[in-house]
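Take a look at the sequence and the fold before reading on.

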Amino acid sequence: MISACASGSVKGVERPLGLPDDAFAQKRPLRGLITKAEVRAVSLYKLGLRRDSIVWDIGAGSGSVALEAAVIASEGAVYAVERDAECLDMLRSNIEQLGPDNVVVVSGEAPDALDALPAPDCVFVGGSGGRLADILECAASRLKAHGHIVVNLASIERVVHTQSYLKSLRFDAELTMISASRGKALPDGTMRLDAQNPVFIITGNTINGGPDE
């Protein structure tokens with residue numbers, strides 16, 4: 001099911017790009033399983049967003065990527081696809097509170113939920129529900145020329161398979177690992193570095209304009 005959400009932008013305030021992780025409501029048992037700001041920044045860059053881009057965010061969760069992508073694609077649209085009912089409630093709440101208003105919530109499981117969506121300029125996959133190969137195949141078949149597919153993975157075992165599968169779909173598959181640390185104050189007033197879990201970012205860049213060219 002596809003539904004448009006009104007957002008904080010109706011208040012007449014243009015939201016800047018870049019929000020802290022704790023700005024997003026998150027699913028309590030899985031709090032922290034959000035695309036962190038450092039990974040989000042690189043992933044958005046790899047998507048190659050334009051002002052008029054049509055974006056699919058698959059496994060949107062709290063909507064951290066969707067809401068940031070929508071700021072850049074201000075004259076386009078971001079389709080946030082999510083199957084989990086609790087996540088959908090939080091996703092809609094985050095859109096309402098944080099905006100902007102060009103995020104469209106799609107309730108359902110990919111790839112089936114993608115059938116009714118317009119062809120994308122770029123696709124972000126943050127969660128796949130175990131159907132990553134099917135999602136990538138669908139995304140590759142619908143992606144516009146010169147488009148990009150970006151997949152975030154936490155598991156080492158999935159990296160090689162995903163990269164190989166993208167290559168089989170005639171993409172140039174590029175791998176980046178983000179391992180960031182944040183400063184954390186100690187009781188004595190000094191600071192240590194608090195390491196975040198590393199995340200693998202696989203970017204599928206279309207070769208010669210697109211898989212079918």
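Two strands pair if DSSP finds at least two bridges between them. Helices (H or I, at least four residues) and strands (E, at least two) are DSSP runs, numbered from the N terminus. This is a predicted model, where local features need pLDDT of at least 70, side-chain atom pairs count only at pLDDT 80 or more, and totals for chains, interfaces and linings use all residues. Residues are numbered from 1 along each chain as its sequence is written, and side-chain values use heavy atoms, leaving out hydrogens and water.

**Strand β3 and its partners**
- β2 and β3 run parallel, joined by five bridges, and Trp56 sits opposite Tyr79 in β3.
- On its other pairing, β3 goes with β4 (residues 103–107), again parallel over five bridges, with Glu82 opposite Ser107.
- Six of the six residues in β3 are buried (under 20% relative accessible area, with a 1.4 Å probe and protein chains only).
- Ala77, Tyr79 and Val81 point one way from β3, while Val78, Ala80 and Glu82 point the other way.

**Ser53, in the loop between α1 and β2**
- Ser53 lies in that loop and counts as buried because its relative accessible area is 0%.
- A polar atom of the Ser53 side chain lies 2.8 Å from the backbone nitrogen of Arg50.

**Asp84, in the loop between β3 and α3**
- Asp84 lies in that loop and is partly exposed, at 24% relative accessible area (partly exposed runs between the buried limit and exposed, which is over 50%).
- The Asp84 side chain reaches the backbone nitrogen of Glu86 at 3.0 Å and that of Cys87 at 2.8 Å.

Conventions
Polar contact = N/O pair within 3.5 Å; in protein donor to acceptor, adjacent residues only side chain to side chain.
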